[in-house]
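Open the model in your viewer and keep the selection panel at hand. Each stop below names what to pick and what to look for there.

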Amino acid sequence: MRLTVVGCSGSYPGPESTASCYLVEVEGPDGDDGQGSRTWRILLDLGNGSLGALQRYADALAIDAVLVSHLHADHCLDLCGYYVMRKYHPDGAPPRIPVYGPSGIAARMAQAYDLPTDPGMSEEFDFVEYDGAFSVGPFSVEPVPVEHPVEAYGIRITANGTTLGYSGDTALCDGVDRVAADTALFLCEASFRAGDDNPPGVHLTGADAGSVAARAGAQRLLLTHIPPWFDRDAMLVEARSTYAGPVELASVGGVHEL
């Protein structure tokens, strides 16, 4: 399984990165007959600005599913541009793909592009609200509720016996520990600084991210969603103060093999 960082800026696009978007790829069987194989591709979030950057790393029309952690703009808004690409492409509209997300995702995206709710974007996307574990080709996916001001999920993705954990946006909670548990790589937000007067129930600090990774037994920690107004290297120092394993900063174009 391979993770490519398409966008990793926290809360809004920054000068060096779009908002959240991560491409996850794995080789798997092409169809039910087990004959042949192909690359399966899913996106974790598609935040504002990320659709353009995605096209550096993959054919945007070759995505098998989009998994949206929550409905804040920095995690879902480029579904609007993706809708236009799929609806009006001069080669013809490709088949619908599933877009998984929190309750109300279809109506929220219709509103975002000023569409009537029916059909909204449902002729381009097969919207599915999270309701337990599911599969996309060779990927096994487990959405886990986490704590944020809106309905939000962390996501565990397993393929070939290896698990990637993605925190989404969350405060400290049992859910984020569950997302990180025994993962080969824990992709975790670090939006707040330790020592600041941070509002409760919103985000993690770098030190929080490290403590979750340590407590959950994650093999590696990849810090993401750091807002442009903070020093990324200082966030790395925070995480290393609470986690003794390998820690890196997510960077645009970074590729991580699991």
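Start by selecting asparagine 160. This residue is exposed, with a relative accessible area of 63%. Exposed means over 50% relative accessible area, buried under 20%, and partly exposed in between, with a 1.4 Å probe and protein chains only. Asparagine 160 sits in the loop between β9 and β10 (162-166). Helices (H or I, at least four residues) and strands (E, at least two) are DSSP runs, numbered from the N terminus. Check the backbone of asparagine 160: phi is near 55°, a positive value in a residue other than glycine. Most residues other than glycine have a negative phi, and most peptide bonds are trans.

This is a predicted model, where local features need pLDDT of at least 70, side-chain atom pairs count only at pLDDT 80 or more, and totals for chains, interfaces and linings use all residues. Numbering runs from 1 along each chain as its sequence is written, and side-chain values use heavy atoms, with hydrogens and water left out.

Next, go to the loop between α4 (105-112) and β6 (125-129), where proline 119 is found. Select aspartate 118 with proline 119: a cis peptide bond joins them, with omega about 10°. Aspartate 114 belongs to the loop between α4 and β6 as well. Its phi is near 60°, a positive value in a residue other than glycine. Is aspartate 114 buried or exposed? Aspartate 114 is exposed, at a relative accessible area of 70%.

Select Val24, Leu44, Leu67, Phe139 and Ile157, which touch the most other members of the 28-residue largest nonpolar core. Such a core is a set of buried Ala, Val, Leu, Ile, Met, Phe, Trp, Tyr and Cys residues joined through side-chain atoms within 4.5 Å. Strand β9 (residues 152-159) gives the most to this core: four residues.

Keep leucine 67 and show what surrounds it. Beyond neighbours within four places in sequence, its contacts include Ile42, Leu44, Tyr100, Phe134, Val141 and Ile157. Contact means heavy atoms within 4.5 Å.

A second, separate core has 27 residues, among them Ala58, Val66, Val68 and Ile97. Pick alanine 58, in the loop between α1 (50-54) and β4 (65-67). Alanine 58 counts as buried, at 11% relative accessibility. What does alanine 58 touch, not counting residues up to four places away in sequence? The answer is Leu23 and Arg41. Draw the C-alpha to C-alpha distance from alanine 58 to leucine 23: they are 8.5 Å apart in space and 35 residues apart in sequence.

Then select helix α6 (residues 206-216). The helix is mostly covered, with nine of its 11 residues buried. Among them are Gly206, Asp208, Ser211, Val212 and Ala216. Show α5 (174-180), β11 (185-189), β12 (221-224) and α7 (232-240) too; the buried residues of α6 pack against these elements.

Finally, zoom out to the whole chain. Count seven helices and 14 strands. Along its principal axes the C-alpha trace spans about 50 × 45 × 35 Å. Buried residues make up 55% of the 258 residues. Of the contacts between residues at least 6 apart in sequence, 62% join residues at least 24 apart.
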